[in-house]
Amino acid sequence: MIEPLDMSTFLTVRDLERVARAELPPSTLGYFKSGAESQTTLRANRRAFRKWAIDYRVMVDVSRVDTRIRLLGRDVATPILIAPMAYHCLAHPDGELASARAAAKSGAPYVATTLATKPLEEIATAFDAANTAGATPRWFQLYVNKDRGITRSIIERADAAGYEALVVTVDVPVMGRRLSDLRNAFTLPPGMTAANLADAVQGAKNAYHHAYATGRHDPSLTWRDIASFREITRMPILLKGIVRGDDALRAIDAGASGVVVSNHGGRQLDNAIASLDALPRVLDAVASRQAAGFDVLVDGGIRWGTDIFKALALGARAVMVGRPILWGLTVGGEAGVVRVLQILQNELTTSMALAGCPDIASITRDLLVPA
Ligand SMILES: Cc1cc2nc3c(=O)[nH]c(=O)nc-3n(C[C@H](O)[C@H](O)[C@H](O)COP(=O)(O)O)c2cc1C
Ligand SMILES: CCCCCCC(=O)C(=O)O
């Protein structure tokens, strides 16, 4: 019998990544880890964090460190969210049910993807059962289907299942060229499906990824559509994949409540600007709206608590973490994702204490200098 791994032996996200890379079949590993084309943006996302050093304060009472934030108008325990990512069952048979439970137990907001391998209703139930104090929100990420009837029905299902926000991903008009997926003809293995779309892609049950990307996904999405989604749902809308100040302002005009500064983890436009590099100009553009509750989040390349510290110091409300969650899920299922979130949370609170920041509000811009 193989003994379950003791999660406490993993001290960094990298420790889990190493084991996950060894465990995953090549085609799945390629799908999870890859960026588009030359992977320049994938690398730039990491490099952007190394451009900053933390100019710390001393002699501040940090006997208590509080990571609570306000997010879309409610209190949340941590600024670390789980990014929407397709096909969690590739990492572990419990898939999104495991990652959702782990998020709820850790107090980390969870963003379920349209392309989940478990139905959005089951993910909601798994999350809520573990969210005993009801303190943590879960959001739903939307990919827009060419058949707007299907899109509408997904939004209505997410609404009915009690998701608190709709995250519309806007940086995938078409899929980026991830070379390993092309070489491996990546698709879902037999028996695994994009569970929210099962009715929509009948006849392609073992090839959802390709069938969805080439046949169903809508490249004609524009700002006008956001206004039309506003009419369908009570959920506040965030746009994920914004890197420009003028687009952030358009998002506000379209009725969005926030944006996620993101280049999709370097998986879409290769040579795109790094997310962290784009963050300051987006924040500058929407500065006057932040007091009114317009939230700016960022993702891409976050692997350490100090990365989160830097993003918050630049002015992000919160961060989303992508691939590290898949490494944790691969290595230990729910316990592995809990461990990833614990590691990042511990690193964040340690860096806050060492930088003289007892709470998130005290992580200010002057604490960063060029490295
Ligand atoms: C395997 C994988 C699948 C993803 N699927 C989705 C998705 O379904 N919807 C979405 O909006 N973003 C998706 N993303 C992008 C993530 O939400 C996020 O923007 C990115 O992973 C952040 O970068 P990081 O992985 O470096 O943390 C995916 C990313 C990965 C790695
Ligand atoms: C054309 C939409 C396919 C997106 C696949 C999921 C995703 O966002 C990613 O792999 O990245």
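A residue is buried if 20 or more other C-beta atoms lie within 10 Å of its own, exposed if 12 or fewer, and partly exposed in between, with C-beta atoms placed from the backbone. I also keep to DSSP runs for helices (H or I, at least four residues) and strands (E, at least two), numbered from the N terminus.

**Ground rules**

I am working on a predicted model, where local features need pLDDT of at least 70, side-chain atom pairs count only at pLDDT 80 or more, and totals for chains, interfaces and linings use all residues. Residues are numbered from 1 along each chain as its sequence is written, while chains are lettered from A and ligands numbered from 1 in the order in which they are written.

**Entry: the sheet around β8**

I began with β8 and asked how many of its residues are buried. The count is 6 of the 6, so β8 is largely enclosed by the rest of the structure.

Next I looked up its partners, taking two strands as paired if DSSP finds at least two bridges between them. Strand β7 (residues 166–169) runs parallel to β8, with 4 bridges, and Val167 has Leu238 of β8 as its bridge partner.

I followed Val259 onward and found Val296 as its bridge partner in β10. β9 and β10 pair in the parallel sense, again over 4 bridges.

**Entry: β10**

For β10, 5 of the 5 residues are buried, so this strand too is largely enclosed by the rest of the structure. Strand β11 (residues 318–321) runs parallel to β10 and is joined to it by 3 bridges. In that pairing, Asp299 sits opposite Met320 of β11.

**Entry: helix α11**

Where does α11 bend? The bend is at Asp284, by about 45°, taken as the angle between axes fitted to the seven residues ending there and the seven starting there.

The buried residues of α11 are Ser275, Leu276, Ala278, Leu279, Val282, Leu283, Ala285 and Val286. I see them pack against several elements, including β8 (237–242), β9 (258–261) and β10 (295–299). Helices α3 (40–50), α10 (245–253) and α12 (305–314) are also among the packing partners of these buried residues. Contact means that the C-beta atoms of two residues, placed from the backbone, lie within 7 Å.

Trp139 lies in strand β6 (residues 138–142). Buried or exposed? Trp139 is buried, because 22 other C-beta atoms lie within 10 Å. Leaving out residues up to four places away in sequence, Trp139 touches Pro109, Val111, Tyr163, Glu164, Ala165 and Val167. I also noted Ala158, 19 residues from Trp139 in sequence and 8.6 Å away, C-alpha to C-alpha.

Ala53 is in strand β1 (residues 52–54). Ala53 counts as partly exposed because it has 13 C-beta neighbours inside 10 Å. Beyond its neighbours within four places in sequence, Ala53 is in contact with Val369 and Ala371.

**Entry: positive phi**

Most residues other than glycine have a negative phi, so I looked for exceptions. Met59 has a positive phi of about 60° and is not a glycine; its place is the loop between β1 and β2 (69–71). Met59 counts as exposed, with 6 C-beta neighbours inside 10 Å.

Leu72, in the loop between β2 and β3 (74–76), has a positive phi near 45°. Leu72 is buried, with 20 other C-beta atoms within 10 Å.

**Entry: the ligands**

I counted a residue as near a ligand if its C-beta atom, placed from the backbone, lies within 6 Å of it. Ligand 1 is surrounded by 23 residues, the closest being Ala83, Thr113, Thr169, Gly265 and Gly322. Its shell holds 9 nonpolar, 10 polar and 4 charged residues. In these classes Ala, Val, Leu, Ile, Met, Phe, Trp, Tyr, Cys and Pro are nonpolar, Asp, Glu, Lys and Arg are charged, and the others, Gly among them, are polar.

Ligand 2 has Ala86, Leu115, Tyr143, Val172, Met175, Ala213, His217, His264 and Arg267 around it. I sorted that shell into 6 nonpolar, 2 polar and 1 charged.
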